[in-house]
Amino acid sequence: MKSNTTWLVANWKMNGNVSRVRDFAFSLSAALMTVPSGVKLVYCPPAVYLQSALYGLPQNSRVRVGAQHCHSAAEGAFTGEISAPMLAELGVRYVILGHSERRAMGETDEMIAAEAAAAQAEGLVPILCVGESEAAYNAQKTTEVLNAQLSRLRALASPRFLVAYEPVWAIGSGKTPTLPEISAVHSYIKSVLGSETAVLYGGSVNAGNAKEILGLAEVSGALIGGASLDITSMRTIIAAACGLH
Ligand code: PGA
């Protein structure tokens, strides 16, 4: 059954500057003004610009601000890290965890589960990224990879998290799985974590393919990287989400 919420998460990765982030937060807020309440949008700029995004939101904005990572400890000797209490204090409500670009830098499933628990303890909603590499996809080992990534997430309090299925080979590549493949993997993730789990798709979502991907019954939204940098693309993606509500 199609969930009654469609999540759009804009992951800006390491892009932007103070004025761009502030202006984008404002423009997204304007784009959401007349949108059905079932469409939820989370804007995730780099950590140094979280406050710029928050300052850019007009009163009553429906845009929520998210971070791209947090540490599992609340404070301490962790140079360069940011904790969940720090994010919560700013007014950040969501945090992307376990993105493949961070896994590539050494984050493990164990670390990601601890970060997620720390985020939830502060009332933040983790957006947990999972997905197989191209080699695993070609070897038809997607389920095995997901089992390993999901096993530690079962202990998290549901439904206070979102899952983003992001095949690593689809990120920034312009390639996407077929629609039946996306449906099948989303169904599998729901069968492991519970049917109420909101599973977003991420990996080369853009203005051209958002409608068909978001329209899949098992898809509860999208995590958008490159295309989210462009407000025109985001308006089209928001319109695609509106068509479902
Ligand atoms: P992409 O990135 O949309 O540029 O493929 C998605 C992501 O990495 O979250």
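## Ground rules

Local features need pLDDT of at least 70 in this predicted model, side-chain atom pairs count only at pLDDT 80 or more, and totals for chains, interfaces and linings use all residues. Residues are numbered from 1 along each chain as its sequence is written, and side-chain values use heavy atoms, with hydrogens and water left out.

## Helices α1 and α10

Helix α1 spans residues 18-32, and helix α10 spans residues 231-242. Helices here are DSSP runs (H or I, at least four residues), numbered from the N terminus. The axes of α1 and α10 come within 11 Å and cross at roughly 25 degrees. Axes are lines fitted to C-alpha atoms over the stretch in contact, and angles run from 0 to 180 degrees between N-to-C directions. That makes α1 roughly parallel to α10 (angles under 35 degrees count as such). The crossing is right-handed (the near helix is turned clockwise from the far one by less than a right angle).

Which residues make the contact? From α1 come Phe24, Ser27, Leu28, Ala31 and Leu32; from α10 come Ile231, Met234, Arg235 and Ile238. Contact means heavy atoms within 4.5 Å. By class, this contact has seven nonpolar, one polar and one charged residues.

## A look at Ala31

Ala31 sits in helix α1. Leaving aside neighbours within four places in sequence, Ala31 is in contact with Arg235 and Ile238. Asp109 is 78 residues from Ala31 in sequence and 36 Å away in space, C-alpha to C-alpha.

## Helices α7 and α8

Helix α7 (residues 142-151) and helix α8 (residues 179-193) have axes that come within 11 Å. They cross at roughly 35 degrees. This crossing is right-handed.

On the α7 side are Thr142, Thr143, Leu146, Asn147 and Leu150. They meet Val185, Tyr188, Ile189, Val192 and Leu193 of α8. Here the classes are seven nonpolar, three polar and no charged residues.

## Around the ligand

There are 13 residues around the ligand (each has a heavy atom within 4 Å of it). Lys13, His99, Glu166, Gly172 and Ser204 come nearest.

For a backbone N or O atom of Gly172, the distance is 2.6 Å. For Ser204, it is 2.7 Å. A polar backbone atom of Gly225 lies 2.9 Å from a ligand oxygen. A polar contact is a pair of N or O atoms within 3.5 Å.

Conventions
Helices (H or I, at least four residues) and strands (E, at least two) are DSSP runs, numbered from the N terminus. Angles under 35 degrees count as roughly parallel, over 145 as roughly antiparallel, 65 to 115 as roughly perpendicular and the rest as oblique. Ala, Val, Leu, Ile, Met, Phe, Trp, Tyr, Cys and Pro count as nonpolar, Asp, Glu, Lys and Arg as charged, and the others, Gly among them, as polar. A polar contact is a pair of N or O atoms within 3.5 Å; within protein, one must be able to donate a hydrogen and the other to accept it, and residues adjacent in sequence count only if both atoms are side-chain atoms.
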